[in-house]
Amino acid sequence: MLQSICDGCTSGLVVNVAICHQGAEAGMTQVFVCKDTEMKDGDVRIVRQDKTEVGVYRHAGSYYAYRNHCLHQGGPACEGIIRGKVVDLYAPDKTFVAQTYDNDEPHIICPWHGWEYKLKTGECAPDPKLRLRKYEVVQREGGIYVVI
Ligand code: FES
């Protein structure tokens, strides 16, 4: 990753020049999501830039952003619920006991037909070769931005 001080920035921060400031070099834009005080863990915001919608998530203090476009049939994946990975529980004799949720591995669940994506990577849970398009999230000057 190219790191340098962007001429357009007044913050003096070292950033990825390709996405810095207005992103003019790469034709990308930092789209304002919200103030950083406005998102808490478990929140999601949907932002739009031209025809692209992106879901921005906060989980365990980190931010993740994915295109709001399910790989199944194009549904609004990021508008679905977030739920922990389903885990099977077995007795010592290996008989099935029950299922529970692993909240350390949250999944985004598309509201149309239930395809699941790992929140931390965007991978489709049953097929990691498929993944939601990921976007970079930038925190600066008290705001959250997504680079689209
Ligand atoms: S469009 Fe998302 S599960 Fe079908």
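Two residues are taken to be in contact here if their C-beta atoms, placed from the backbone, lie within 7 Å. With that in place, I begin with Asp41: leaving aside neighbours within four places in sequence, Asp41 is in contact with Arg58, His59, Ala60 and Gly61.

Please note that this is a predicted model, in which local features need pLDDT of at least 70, side-chain atom pairs count only at pLDDT 80 or more, and totals for chains, interfaces and linings use all residues. Residues are numbered from 1 along each chain as its sequence is written.

Let me stay with Asp41 for a moment. This residue lies in the loop between β3 and β4. A strand is a DSSP run of E with at least two residues, a helix is a run of H or I with at least four, and both are numbered from the N terminus. Is Asp41 buried or exposed? Asp41 counts as exposed because it has 10 C-beta neighbours inside 10 Å. The cut-offs are 20 or more other C-beta atoms within 10 Å for buried and 12 or fewer for exposed, with partly exposed in between; the C-beta atoms are placed from the backbone. From C-alpha to C-alpha, Asp41 and Tyr57 are 8.0 Å apart in space, and they are separated by 16 residues in sequence.

I turn to the chain as a whole. The protein chain holds 14 strands and zero helices. Of its 148 residues, 26% count as buried. Among contacts with a separation of 6 or more, 41% are between residues 24 or more positions apart.

Now the sheets, where two strands pair if DSSP finds at least two bridges between them.

Two bridges join β6 to β12, and the bridge partner of Tyr66 in β12 is Lys134.

Which residues of the largest nonpolar core touch the most other members? They are Val54, Val56 and Val146, in a core of 27 residues. By a nonpolar core I mean a set of buried Ala, Val, Leu, Ile, Met, Phe, Trp, Tyr and Cys residues joined through C-beta atoms within 7 Å. Strands β3, β4 (44–49), β5 (52–59), β6 (62–67) and β14 each supply at least two residues, and β14 gives the most, with four. Not counting residues up to four places away in sequence, Val56 touches several residues, including Val33, Val44, Tyr63, Val137 and Val146.

Finally, consider β10 and β11. A hairpin of two residues joins β10 to β11, and the strands pair in the antiparallel sense over two bridges. Glu123 stands opposite Arg131 in β11.
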